[in-house]
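Let's walk through this structure together, one region at a time. Please keep the sequence and the 3D view open as you read.

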Amino acid sequence: MDKLFMLSFLALLIAAYGVAGNMVYDNMGMLGKLECLDMEEENDVDVFEIPSWTSERGSKVLVNVESFGAVGDGVSDDTQAFLKAWDTACSTPKSVLLVPPGRRYLLSATKFQGEQCESDMVIQIDGTLVAPDEPKKWDPKFSRIWLEFSQLKGVLFQGNGVIDGSGSKWWAASCKKNKSNPCKGAPSALTIDSSRAVKVKGITIQNSQQMNFVISRSDSVRIYGVQVTAPGDSPNTDGIHITQSTNVVLQDCKIGTGDDCVSIVNGSSNIKMKRIYCGPGHGISIGSLGKDNSTALVTKVVLDTAYLRETTNGLRIKTWQGGSGYVRGVRFQNVRMEDVSNPIIIDQFYCDSPTTCQNQTSAVNITQIVFRNISGTTKSEKAMKFACSDTVPCSNIILSNINLEKKDGTVETYCNSAQGIGYGTIHPSADCLNSHDKIYLADPAETRIEDIVHTEL
Ligand SMILES: *[C@@H]1O[C@H](CO)[C@@H](O)[C@H](O)[C@H]1NC(C)=O
Ligand SMILES: *[C@@H]1O[C@H](CO)[C@@H](O)[C@H](O)[C@H]1NC(C)=O
Ligand SMILES: *[C@@H]1O[C@H](CO)[C@@H](O)[C@H](O)[C@H]1NC(C)=O
Ligand SMILES: *[C@@H]1O[C@H](CO)[C@@H](O)[C@H](O)[C@H]1NC(C)=O
Ligand SMILES: *[C@@H]1O[C@H](CO)[C@@H](O)[C@H](O)[C@H]1NC(C)=O
Ligand SMILES: *[C@@H]1O[C@H](CO)[C@@H](O)[C@H](O)[C@H]1NC(C)=O
């Protein structure tokens, strides 16, 4: 399948140029490797076994939070009832922890520990979980979390319910809204930490105090049909934030927030996103990385099929000066944009700080980044921006079939210290990418260097 696709892609190139003899295609090594990151389709074999609630409903044991005293009037504190229900569900094989529909359960910051749990638990959220709205009364012990689930193994979250962080007072208190306030972190609404084989299906997460949904230190997580909503001006309310996690799939998610729709940071690898709707928001981002001279590694990220509307960025990689490590092997493809401010942007001078950031010699190394079939409208003139470090240039940026237009004016590409090549239509043209007519192979262990004929960008 991958091979077939590669062949048809190359055939297309040949058709487009009619100069097959002129082009050398044995850079298939690298492209081939990137092709291997294709998404498995929805019905392909799952990356892990998922407990199912519908197919085995009969044998499931229902653990209803109301049986443990949860009131669901949005006023009474239901935290203890939820913790008791959790303990029971956790120690019961084939349990379904049920949050019934039609009610609002007020929960304060809580950690749900899954280490001792039976596997195959289902958490059926049909009602609304709501956070207390007053930052001043927040338990300082839980300054960065509201609902945290950790050490889960084989758990399915599903339902039509809502997780609502009631974040408006937190936003008002943010230093981004009120410069006289100190800059400090706020809780994330939902966190899945140190877990594996977790699936989240269908629920809505909204109005978080800060990040809406964090996946940290986890492996094999599949997020499917999840909706994330927060106002476009709510500060730092990232939609789905992935950190130190591997084998994560986001599929059919609709995200509108005040920060990145998706942010993927250090220690993440093999992250696949398919059919993502983003807007409002700051786009789909890798980073930020390398803050405070830290080392960051992000590899193998694929976004396939996305629609971004009125976001401040589109497809973005952002790193701070002074960092180290690398971002390697990223493919963004089949993306449609509408009124996006920076549709394609690699920024190695990212500086989200009240004071200016000094240039340094060290930077996170960005290499093997593919943008393919990206089209739509840009709000800014610089439809493509590759702002790379003078000492650690970006390399092997591959553009293929890009068409970005501005409704009322011309568009251009900005480059600083960026090396790459383009295939097919590239608009605006990216002549500023300095191609050495050479593509270095993905695997640093491979010493072979493939020459490829320079094609006009
Ligand atoms: C900003 O915060 C300060 C201190 O917390 C407060 O006194 C002031 O009223 C706030 N300003 C606005 C515009 O909310
Ligand atoms: C980056 O991620 C790696 C791998 O998960 C981890 O070992 C390292 O501590 C992380 N670095 C920072 C600065 O968080
Ligand atoms: C990062 O490294 C630079 C250069 O060595 C140094 O000047 C700076 O103080 C360091 N910053 C931090 C936050 O450690
Ligand atoms: C290019 O991307 C758009 C938007 O996702 C999609 O509709 C179209 O089918 C893609 N074209 C090709 C040739 O894959
Ligand atoms: C850092 O380097 C870039 C690229 O050479 C340059 O455009 C920018 O002005 C520099 N920034 C500072 C703060 O020196
Ligand atoms: C960045 O990575 C590329 C590709 O692996 C490598 O060729 C280059 O030397 C690296 N740059 C630095 C400054 O380490």
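How many nonpolar, polar and charged residues does the shell around ligand 3 have? There are no nonpolar residues in this shell, three polar ones and one charged one. Keep in mind as we look around that this is a predicted model. The residues surrounding ligand 3 are Asp-292, Asn-293, Gly-322 and Gln-360.

Now turn to ligand 4. Around ligand 4 you will find Thr-305, Asn-334, Val-335, Arg-336 and Asn-373. By class, this shell contains one nonpolar residue, three polar residues and one charged residue. Strand S24, covering residues 324–340, supplies the largest share of the shell, with three residues.

From the ligands we can move on to the strands. An open sheet of eleven strands runs through the model in the order S5-S8-S11-S14-S17-S19-S21-S23-S25-S27-S29, and the pairing is parallel. At the edges stand S5 (110–113) and S29 (412–416); each has a single partner strand, so one side of each is left without a neighbour in the sheet. On average, neighbouring strands of this sheet are turned by 15 degrees against each other, direction ignored. As a reminder, strands of a sheet pair through backbone hydrogen bonds, in either a parallel or an antiparallel manner.

Let's look at one strand of this sheet, S21, and its two pairings. S21 (residues 284–289) pairs with S19 (residues 262–264) in the parallel sense over three bridges, and here Val-262 stands opposite Ile-284 of S21. S21 is also joined by four bridges to S23 (residues 315–319), again running parallel, and in this pairing Ile-284 stands opposite Leu-315 of S23. How enclosed is S21 by the rest of the structure? Six of its six residues are buried, so S21 is largely enclosed.

Follow the chain back from S21 and you come to a residue with an annotation. The unreviewed UniProt entry lists His-282 under "active site". His-282 is located in the loop between strand S20 (268–278) and S21. Is His-282 buried or exposed? It has 26 C-beta neighbours inside 10 Å, and a residue is buried from 20 or more, so His-282 counts as buried. Leaving out residues up to four places away in sequence, His-282 touches Asp-259, Asp-260, Thr-311, Thr-312 and Asn-313.

The loop between S20 and S21 also holds Pro-280. A cis peptide bond joins Gly-279 to Pro-280, with omega at about -5 degrees. Another cis peptide bond links His-427 and Pro-428, where omega is about 0 degrees. Pro-428 sits in the loop between strand S30 (418–427) and strand S31 (438–440). For context, most peptide bonds are trans, and most residues other than glycine have a negative phi.

Asn-207 is not a glycine, yet its phi is positive, at about 50 degrees. You will find Asn-207 in the loop between strand S13 (204–206) and strand S14 (213–216). Asn-207 counts as buried because it has 25 C-beta neighbours inside 10 Å. Asp-252, also a residue other than glycine, has a positive phi near 55 degrees. Asp-252 belongs to strand S18 (residues 246–256). With 17 C-beta neighbours inside 10 Å, Asp-252 counts as partly exposed.

Terms used. Residues are numbered from 1 along each chain as its sequence is written. Chains are lettered from A and ligands numbered from 1 in the order in which they are written. This is a predicted model: local features need pLDDT of at least 70, side-chain atom pairs count only at pLDDT 80 or more; totals for chains, interfaces and linings use all residues. A residue is near a molecule or strand if its C-beta atom, placed from the backbone, lies within 6 Å of it. Ala, Val, Leu, Ile, Met, Phe, Trp, Tyr, Cys and Pro count as nonpolar, Asp, Glu, Lys and Arg as charged, and the others, Gly among them, as polar. Two strands pair if DSSP finds at least two bridges between them. Axes are lines fitted to C-alpha atoms, for helices over the stretch in contact, and angles run from 0 to 180 degrees between N-to-C directions. A residue is buried if 20 or more other C-beta atoms lie within 10 Å of its own, exposed if 12 or fewer, and partly exposed in between; C-beta atoms are placed from the backbone. UniProt positions are given in the numbering used here, feature names are shortened, and annotations may be inferred rather than shown by experiment. Two residues are in contact if their C-beta atoms, placed from the backbone, lie within 7 Å.
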